[in-house]
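I opened a new notebook page for this structure. My plan is to look up a few places one by one and write down what I find.

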Amino acid sequence: MKKSLEEHASRFDDVAGEYDDSQNDTEEYRACVSLVVDHADPGPEDTVADLGTGTGAIALALADDAGEVVGRDISEGMMERAREKADEQGIENVEFGEGRFREPNVESADIAVSNFAMHHLSDGEKREAVEAIAELGPRKFVLGDVMFFGEPNPDEPFYSPEVDDPSTVGHLADVLTEAGFALTAVERVHEQVGVLVAERGESVEE
């Protein structure tokens, strides 16, 4: 991780009010949100953990179909905006609280999701994060993020090298497999952006 958790939290606290507008201007971000929501596909009995929830774009989009959604983030400013949006939309089955990838502060989840957040972690930290997510017991983990499908063009980075640390798709696939998941879908949105769907147990065998 190129900056501390406290530095990342402070940075996102500062931009919480404008975050949705800035992200929604990006076609790739909108595409990832749509793909993550579609692939998560929770049922009315499912608890969904949205890690790195930010202002709750994914969590709130899944709330109608899920039984419960828990959103976790390190930025209280971002989560406060998420709570405001939930109130504005009359959504009551979503709860936002402090948590991080390697310490999610979630007891268990049927489905885990994350969008545009894990790229702040180093390769080793991502491995630890996926192991922690696996311990929650989800049958499915859907990851939308900055990731490298090939050699990234240094003149056209889709990320901020000073604060972001994206991994290759290969590394992420290896980490997911080692944690007991099987990669069931790879959605390439951009040469540096994609969505991975990892499942395990009965969901893979069906």
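I count a contact when heavy atoms lie within 4.5 Å. This is a predicted model: local features need pLDDT of at least 70, side-chain atom pairs count only at pLDDT 80 or more, and totals for chains, interfaces and linings use all residues. Residues are numbered from 1 along each chain as its sequence is written, and side-chain values use heavy atoms, with hydrogens and water left out.

Entry one, Gly180. I took helices (H or I, at least four residues) and strands (E, at least two) as DSSP runs, numbered from the N terminus. I found Gly180 in the loop that runs between helix H6 (169–178) and strand S7 (182–190). Which residues does Gly180 contact, leaving aside neighbours within four places in sequence? I noted Glu199 and Arg200. Gly180 and Arg200 are 20 residues apart in sequence, yet I read 6.7 Å from C-alpha to C-alpha. For accessibility I used three classes: buried is under 20% relative accessible area, exposed is over 50%, and partly exposed is in between (1.4 Å probe, protein chains only). Gly180 is partly exposed because its relative accessibility is 43%.

I looked up residues 27–40, which make a helix of 14 residues. H2 reaches 20 Å from its first C-alpha to its last. That is close to the expected 20 Å, where the expected span is 1.5 Å times one less than the number of residues. Which residues of H2 are buried? I listed Glu28, Tyr29, Cys32, Val33, Leu35, Val36, Val37 and Ala40. An α-helix has 3.6 residues a turn, so residues three or four places apart point the same way.

Just after H2, Asp41 has a positive phi of about 45°. Asn105 also has a positive phi, near 60°. I placed Asn105 in the loop between strand S3 (94–98) and strand S4 (111–115). Asn105 is partly exposed, because its relative accessible area is 48%.

Entry four, the loop between S4 and helix H5 (123–134). I found Phe116 here, with a positive phi near 55°. Is Phe116 buried or exposed? Phe116 is buried, because its relative accessible area is 10%. Leu121 lies in this loop between S4 and H5 too. At 4% relative accessibility, Leu121 is therefore buried. I also checked Leu121 against Asp164: they are 43 residues apart in sequence and 7.5 Å apart in space, C-alpha to C-alpha.
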